[in-house]
Amino acid sequence: GISPTPPAHTPAPALRGTHPALGPDDVIALWAGGLWDWFDPQILVRAVAALRDDCPRLRLVFFGGARPNPYGKPFTTGKRATSEALAADLGLLNQNVVFLDRWVPYAERGALLAEADLGVSAHLPGIETHFAFRTRLLDYLWARLPFLGTSGDSLGETFAAAGCAQLVPPHDLDDWIAAFRESYTNAVERENMRAAASMLAEQWV
């Protein structure tokens, strides 16, 4: 379950203003959690690239920092490296797409969630997806964030049925572009999804 109290803004900025690309009026889509092999962050990077002119304030932010390792060098994933390289190749890195270099401690994640406008997660089809119960989705619900994600897992489907999520079929770049555009341009719908998330959150405390 989740805490009954949503995460709160902290006196010092946790996300906006901590990076040159993250301004007070930007629409921030936050990927909270690791970039493992069964995820598809590249499709989100490509969607943001397609929208750089139509949605100039859209920002895709990843919790992508290297995990501390007491036995050697900090640990990062190959999916992080390939996603960051793609963002660089498309001219988006540190502009429309930001990878946080620091590791975000679990107890501090709420402050970043509180400053986001959307929670996002894209995964590949497969048995992992079918049985997944993603705690990052519970974090988005805790923060009352509208959620954009890939279809195929029971928790995401529950969110969509409650009205706080929009789901996209795996590998469907066009639908991701449309979902980002709708969320960026329709602030009223984002607020409606937040309200739906607030109602659903009461069932998960």
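The model is predicted. Helix α1 packs with helix α2, and helix α5 crosses helix α6. Strand β4 pairs with β1 and also with β5.

**Helices α1 and α2**

- Helix α1 spans residues 41-50, and helix α2 spans residues 78-89.
- Their axes lie 9 Å apart and form an angle of about 15°.
- Angles under 35 degrees count as roughly parallel, and α1 and α2 are therefore roughly parallel to each other.
- The crossing of α1 past α2 is right-handed.
- From α1, the contact uses Pro 41, Gln 42, Val 45 and Arg 46.
- From α2, it uses Lys 79, Thr 82, Ser 83, Leu 86 and Ala 87.
- By class, this contact of α1 with α2 holds 4 nonpolar, 3 polar and 2 charged residues.

- Strand β4 runs over residues 118-121, and both of its faces are covered.
- Leu 118 and Val 120 are buried on one side.
- Gly 119 and Ser 121 are buried on the other.
- Strand β1, residues 27-31, pairs with β4 in the parallel sense over 2 bridges.
- In that pairing, Leu 30 stands opposite Gly 119 of β4.
- Strand β5, residues 147-150, also pairs with β4 in the parallel sense, over 3 bridges.
- Here Gly 119 stands opposite Phe 147 of β5.

- Helix α5 covers residues 135-142 and is mostly covered, with 7 of its 8 residues buried.
- The buried residues are Arg 136, Leu 137, Leu 138, Asp 139, Tyr 140, Leu 141 and Trp 142.
- They pack against three strands, β1, β4 and β5.
- They also pack against the helices α3 (109-114), α6 (154-162) and α8 (187-201).
- Just after α5, Arg 144 has a positive phi of about 60°.

**Helices α5 and α6**

- The axes of α5 and α6 come within 9 Å and cross at roughly 25°.
- That angle makes α5 roughly parallel to α6.
- The crossing of these two helices, α5 and α6, is left-handed.
- Leu 137, Leu 138 and Leu 141 of α5 meet Leu 155, Gly 156 and Phe 159 of α6.
- The contact of α5 with α6 has 5 nonpolar residues, 1 polar residue and no charged residues.

How values were computed:
Residues are numbered from 1 along each chain as its sequence is written. This is a predicted model: local features need pLDDT of at least 70, side-chain atom pairs count only at pLDDT 80 or more; totals for chains, interfaces and linings use all residues. Side-chain values use heavy atoms; hydrogens and water are left out. Axes are lines fitted to C-alpha atoms, for helices over the stretch in contact, and angles run from 0 to 180 degrees between N-to-C directions. Helices (H or I, at least four residues) and strands (E, at least two) are DSSP runs, numbered from the N terminus. Angles under 35 degrees count as roughly parallel, over 145 as roughly antiparallel, 65 to 115 as roughly perpendicular and the rest as oblique. A crossing is left-handed if the near helix is turned anticlockwise from the far one by less than a right angle, and right-handed if clockwise. Contact means heavy atoms within 4.5 Å. Ala, Val, Leu, Ile, Met, Phe, Trp, Tyr, Cys and Pro count as nonpolar, Asp, Glu, Lys and Arg as charged, and the others, Gly among them, as polar. Buried means under 20% relative accessible area, exposed over 50%, partly exposed in between (1.4 Å probe, protein chains only). Two strands pair if DSSP finds at least two bridges between them.
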